[in-house]
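Student: Hi! Could you walk me through this model before I start working with it?

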Amino acid sequence: MNFTLALMNDAWAIPPIPDPTLPELRRFAEKVAADLDPGSRYIAELFAVFDASSDAADLLARLADPQRTAVFQTDGSQASAGERGFSWVDPQTWEVMNPFERVLSNLLTGETRMMWSGEGAPEFRRFPEATAAHPREQPFRVASIPCSTGKEAFSLVAAGLEAGLDVHVTGVDRQPAYVERARSGRLVVHGRDWDYPRAGTYLQRSGQGPTTIRDAVRARLDFEQGDVLTGALPEGPFDLVSCRNLLGYFRGETLERAWTHVAARVKPGGLLLHDAFVCSSAEMAPVRALLEAAGYRRLFPDASYFRRDHDA
Ligand SMILES: C[S@@+](CC[C@H](N)C(=O)[O-])C[C@H]1O[C@@H](n2cnc3c(N)ncnc32)[C@H](O)[C@@H]1O
């Protein structure tokens, strides 16, 4: 699909309204929510905040209330009540997001961690084995879709370097502010960013200052805006496409469309990386059926890599 056509199909297009009212923001949220898992607690929590808000300014203040998000940002696991969008970025990133983008970030959050310190740890560990068949003298092209504020893409460069690959990662996300933040190479702080003995090979910081990626990592990255639902994504094809922690938000036709657009970027014989929820939950059975029909084979019982058949 070409980019113009993709944008015309953008059901979640950000309305060109500089100062939206509460009902305008709510209508946008309802439109996005219609494409998502109706049982999602993010949806219920966001609409509870809408119900409690007197106007748009009040809503936006509630969505970024630092006191209500402080525990969540420190701990990273406790449920907040509708402020998850803000919780997974930081004030600098939030500031450049318009009101519609802030609402969107509560329905599909930017939750992300360095893969070594989160639920991506088994996939990070298995990376050398998963990529062992790739000739080391050839470049290894990776897409991280979606990349949020960059930690997955940063992690995949680290994993590629540890596996002895000439790795290059393209990160893609729908939220322009996340893409910009990822490009900056500055991590949104999380308590476990450094939870890896070799973290200092890829990350740097001075004193209590911000953590940034090292130049050797940055040189292997690029970032762009894209959308798994419209298909406005880099063409590739890629040796590895990582699509973690997004498909679980979708159901039905939307889920199938998102997966199809992502999987189309994997080279024959290449790898597709998902997450444990896609691999095991009842809700994601349609994705597993799509994987099988398209000739994908799971590589490990304890990590979410799939190899595309060479002839597919
Ligand atoms: C939970 S994060 C996952 C980030 C990363 N894959 C990880 O696991 O660390 C979900 C991301 O999906 C992005 N997103 C939401 N809808 C999208 C779409 N239609 N196309 C591309 N990215 C989207 C959000 O902006 C958010 O950054």
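This is a predicted model: local features need pLDDT of at least 70, side-chain atom pairs count only at pLDDT 80 or more; totals for chains, interfaces and linings use all residues.

Student: Okay, how many helices and strands does the chain have?

Tutor: There are 16 helices and nine strands in the chain.

Student: And what is the radius of gyration of the chain?

Tutor: The chain has 19 Å. A compact globule of 312 residues would have a value near 20 Å, so the two agree.

Student: What share of the residues is buried?

Tutor: Buried residues are 42% of the 312 in the chain. As for contacts with a separation of 6 or more, 73% of them join residues 24 or more positions apart.

Student: Switching to the ligand: which residues come nearest?

Tutor: The ligand has 19 residues around it, and those that come nearest are Thr-112, Pro-146, Ser-148, Arg-174 and Asn-245.

Student: Now helices. What span should H14 have, and what does the model give?

Tutor: H14 covers residues 252–263, and its 12 residues at 1.5 Å each should span 16 Å. Its end C-alpha atoms are 17 Å apart, which agrees.

Student: Which of its residues are buried?

Tutor: In H14 the buried ones are Leu-255, Ala-258, Trp-259, His-261 and Val-262. They cover an arc of only 165° around the axis, so they sit on the same side of H14.

Student: What's on the face turned away from that side?

Tutor: That face of H14 carries Gly-252 and Glu-253, which are exposed.

Student: And what covers the buried residues of H14?

Tutor: The cover includes strand S6 (238–242) and helix H16 (285–293).

Student: How about H10: how many of its residues are buried?

Tutor: In H10, 10 of the 12 residues are buried, so the helix is largely enclosed by the rest of the structure. Among them are Lys-151, Glu-152, Phe-154 and Leu-156.

Student: What about the span of H10?

Tutor: H10 runs over residues 151–162 and should span 16 Å at 1.5 Å a residue; its end C-alpha atoms are 16 Å apart, which agrees.

Student: Which residue just after H10 takes a positive phi?

Tutor: That's Gly-164, with a phi of about 75°.

Terms used
Residues are numbered from 1 along each chain as its sequence is written. Helices (H or I, at least four residues) and strands (E, at least two) are DSSP runs, numbered from the N terminus. The radius of gyration is taken over C-alpha atoms; the globule rule is 2.2 Å times the number of residues to the power 0.38. A residue is buried if 20 or more other C-beta atoms lie within 10 Å of its own, exposed if 12 or fewer, and partly exposed in between; C-beta atoms are placed from the backbone. Two residues are in contact if their C-beta atoms, placed from the backbone, lie within 7 Å. A residue is near a molecule or strand if its C-beta atom, placed from the backbone, lies within 6 Å of it. The expected span of a helix is 1.5 Å times one less than its number of residues. The arc is that of the directions from the helix axis to the C-beta atoms.
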